[in-house]
Amino acid sequence: MDTLSKVSVSSVYVHAPFCSRRCFYCDFAVEVNSSGDLGAWTEALSGELRAVEREGVFVISEALKTLYVGGGTPSLLGSEAMKSLAEVIGRNRLEDPELEWTAEANPESVTHDLVEGWRKAGVNRMSLGVQSFDAQVLTWMGRLHGPDGAVRAVKAIKEAGVHNLSVDLIFGLPSRLNRCWRTDLYKVLELDVPHINLYGLSIESDTPLGRSVRDGSEVPVNEGQYRDEYLAAVELLGNAGYQHYEVSSFSQPGFSSRHNSVYWDGRPYLGLGNAAHSYSDSYRRWNVRDWLSYSALATETGVTWEKGEHLDVASRSLERLWLGLRTVFGLPIRDLDDPQRLIIESWAREGWSVLEDERVRLTAEGWLVLDRLTLELDNARAG
Ligand code: SF4
């Protein structure tokens, strides 16, 4: 195996795997549990972190710039969870005044006390899994909150003093649900949150939804409706003053996600927790996915990663194209060779891209076919 070089990381992702039940479409690394197990979680993270420090490949900066706690449902871990996490990571590492500390929550487990506890621990950004405001849709998804849950949770979050807040919605649902997408968009605008993420429903084979599609009891949305919903959202949120700065991300000025931009810029990060990924330039590795296996390893040896890979030149180049095209910053033209520039010109004629300030960036129409365009550009590379 190639020798691993040391890398300093100032961004950390922490996975909190617990969910009260599994949503119909979800294939995330989730441990179904009526409540989170805070003691086991912090014990496992401490074990993993000690092993990471002993190994010395990912060297955690003395002053983290971003910390992201995702799930699962981190809010299931309760109001003391972020304080306990700060003790695991080290208070001294969380004192940079510029630190962006995001924690995800689901509406049903958001209370004023929870947010206040998290804010006092240092959380200054929250991401709320709303997905829809339609009662029938929420039931179909298997979500635990009702149509008013998001409104109540956003109010609690703001009143407890966290104003940097993102809300997730899912579009592209089966048309038999008769979900009115525009109504959900108007409702999310009424929440007046500075950041919104929109995700197209992804049908993963090893989920109840995937099985229902296979046996014909669910029919995926057609391409036209998927496209119409995405473009309607782009127009509506744009008119409301949100900048569409990445395929799925919309923000009011000054509220883009700094943690996610670490991924898109290809900067190094450390992932802690089951299924978490870590990355540095040409090396990527990921932890054991199953929570019980992960926590056993974390408390025994601390070595929790399952697999690692060194990215060759071709994979790195493909990844750079894909990540670059995801965001509004696009790619510098000078990095493209002549055959690739011809491709870019053809995209502009189709309305998929624009050239500005010596960079190419995709339009919303282009983002709908991001994967295909990335491959096309990669295949066109000379030599
Ligand atoms: S709340 Fe999120 S992580 Fe948990 S089961 Fe539902 S989709 Fe999956």
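Strands E18 (residues 353-356) and E19 run antiparallel and are joined by 4 bridges. Keep in mind as you look around that this is a predicted model. The two strands form a hairpin with 2 residues between them. In that turn, Asp357 has a positive phi of about 50°.

Now turn to the faces of E19, which spans residues 359-362. In a regular strand, side chains alternate between the two faces of the sheet. On E19, Val360 and Leu362 make up the covered face, while Arg359 and Arg361 make up the uncovered one.

Let's move on to helix H10, residues 291-300. Which of its residues are buried? They are Trp291, Tyr294, Ser295 and Ala298. These four lie on the same side of H10 because they cover an arc of only 95° around the axis. On the other side of the helix, Leu292 and Glu300 are exposed.

What do the buried residues of H10 pack against? Their neighbours are strands E3 (18-19), E4 (31-32) and E15 (283-287), together with helix H1 (38-55). Following H10 you will come to Gly302, which has a positive phi near 85°.

Definitions and conventions. Residues are numbered from 1 along each chain as its sequence is written. This is a predicted model: local features need pLDDT of at least 70, side-chain atom pairs count only at pLDDT 80 or more; totals for chains, interfaces and linings use all residues. Side-chain values use heavy atoms; hydrogens and water are left out. Buried means under 20% relative accessible area, exposed over 50%, partly exposed in between (1.4 Å probe, protein chains only). Two strands pair if DSSP finds at least two bridges between them. The arc is that of the directions from the helix axis to the C-beta atoms. Contact means heavy atoms within 4.5 Å.
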